[in-house]
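Please look at the model below.

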Amino acid sequence: MPPVKKATLLIKNIGQLITMDGPVPRLGDQMMNLGLIENGGVAAAGDEILAVGKSDDVEGKAPLAEGCTVINAHGAVVTPGFIDSHTHPVFSITREKEFEMRIQGKSYMEIAAAGGGIRASVRDLRTTPADVLTRKTGGRLDRLMAHGVTTIEAKSGYGLSTESEIKQLQIIRELGQTHPMEMVPTFLGAHEVPDEYRENRQGYIDLVIHEMLPAVVKDNLAEFSDIFCEEGIFNIEESRKIQMAASAAGLGLKFHADELKSTGGAELAASMGACSADHLVYTSDEGIRAMAKAGTVAVLLPGTTFSLGGAAYAPARRMIESGVAVALSTDCNPGSSYTESLPLIISLAALQMKMTAAEAISAVTVNAAVAINRAGRIGQLKEGLRADAVIWDMTDYRELPYHCGVNLVERVIKRGKVVVNRSVNGNVR
Ligand code: NIG
Ligand code: FE
């Protein structure tokens, strides 16, 4: 008989235990289904969940290992660790000057065309030593985690040379080993055309396809390839060509699509069987239908509209009603959405896109897991899955979007260990 597994972590007396047990991804009305257990408990053995259920049952079932961490949640809400499925965390300079220029009337694209935007970040990143970038990125991971995130998708895209793209992906790999945050790396060499190729776009596309992609794949530095498919950046034909090469090299596909204009990016992503298409503020009904049919996840990033001072948010309701799997993410980056707060994004999704708290929680757990190819491993609290959870200083999960602009995280558990503890004197529930 195999040895009985003993609990190394027990969380008991959970007022609302949101397990997300049920269909993966959550589509349509199913997004309201949180797999909620009242007065619940969770036990973990090492980095794996051992038991989930009513508090008394879990306590009765799992024998405790010596030194087991026992947390009395005193009626709090517990969710799976949140998943931020679209971030650009490796950068050095911040761009508050551009933020102010936008407030004074310049548009994101005007600033980019004049040499600011992504290209300003690229010029800086290329000359920043790796140890400085690692330290700054690590700080961002700390902040994301303090806001309830236990896994992120992390993109390169501020190097735009083979050497500097690899430098970022290596930092992501290193932090995935040294920081408790779990990282899913994405190659974004096609984020912009860098300064030295402005007169030779084709030369840059060739570099991405024939030099960068093979180098990234050779060292297994990325799981996905992403592209900024947008008028003035990479058009539909260029995007198709680059992503075809990426797919042939074995990478999953993601697209920044229809962020500032409707260009058919969602249709292209769906036709190529992309894992996700992201932004989608201006996606057509046809694009929505195509994504539903292809099973391409819509990763919506309302922090971008908010930070760019825009009026148009992605049509989340139409997408949910059309059967598209919707995820939500910060898009954490120094240009269009400088925030590490997924709870802020949830408030924006509620107020600006009319998503309920339950839909938003589905969007940052199970559906986000599908967006990064981690379904069945994270995003749910179920026996055998990774023990990633958040204890929130609230008794009703609907407080999450409603109580906005403050951090309600009490404790974060990653791989069965408490990695954030804000509970000292802080509980007001
Ligand atoms: O997701 N859209 C393209 N990339 C980022 C912005 C990057 C930047 O401005 O530095 C985004 O919005
Ligand atoms: Fe982005």
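A polar contact is a pair of N or O atoms within 3.5 Å; within protein, one must be able to donate a hydrogen and the other to accept it, and residues adjacent in sequence count only if both atoms are side-chain atoms. This is a predicted model, in which local features need pLDDT of at least 70 and side-chain atom pairs count only at pLDDT 80 or more, while totals for chains, interfaces and linings use all residues. Residues are numbered from 1 along each chain as its sequence is written, chains are lettered from A and ligands numbered from 1 in the order in which they are written, and side-chain values use heavy atoms, with hydrogens and water left out.

Q: What makes the approach of R95 to ligand 1 a polar contact?
A: A polar side-chain atom of R95 lies 2.8 Å from an oxygen atom of ligand 1, and the limit is 3.5 Å. S336 likewise places a polar side-chain atom 2.5 Å from an oxygen atom of ligand 1.

Q: How do you know which residues coordinate the iron ion (ligand 2)?
A: Donors are N, O and S atoms within 2.8 Å of the metal (3.2 Å for Na, K and Ca), and water is not among the atoms, so sites may look incomplete. H86 (NE2), H88 (NE2), H256 (NE2) and D331 (OD) coordinate the iron ion at 2.1 to 2.3 Å.

Q: Why is H88 called buried?
A: Buried means under 20% relative accessible area (exposed is over 50%, partly exposed in between; 1.4 Å probe, protein chains only). H88 has 2% relative accessibility, and therefore counts as buried; H256, at 3%, is buried too.
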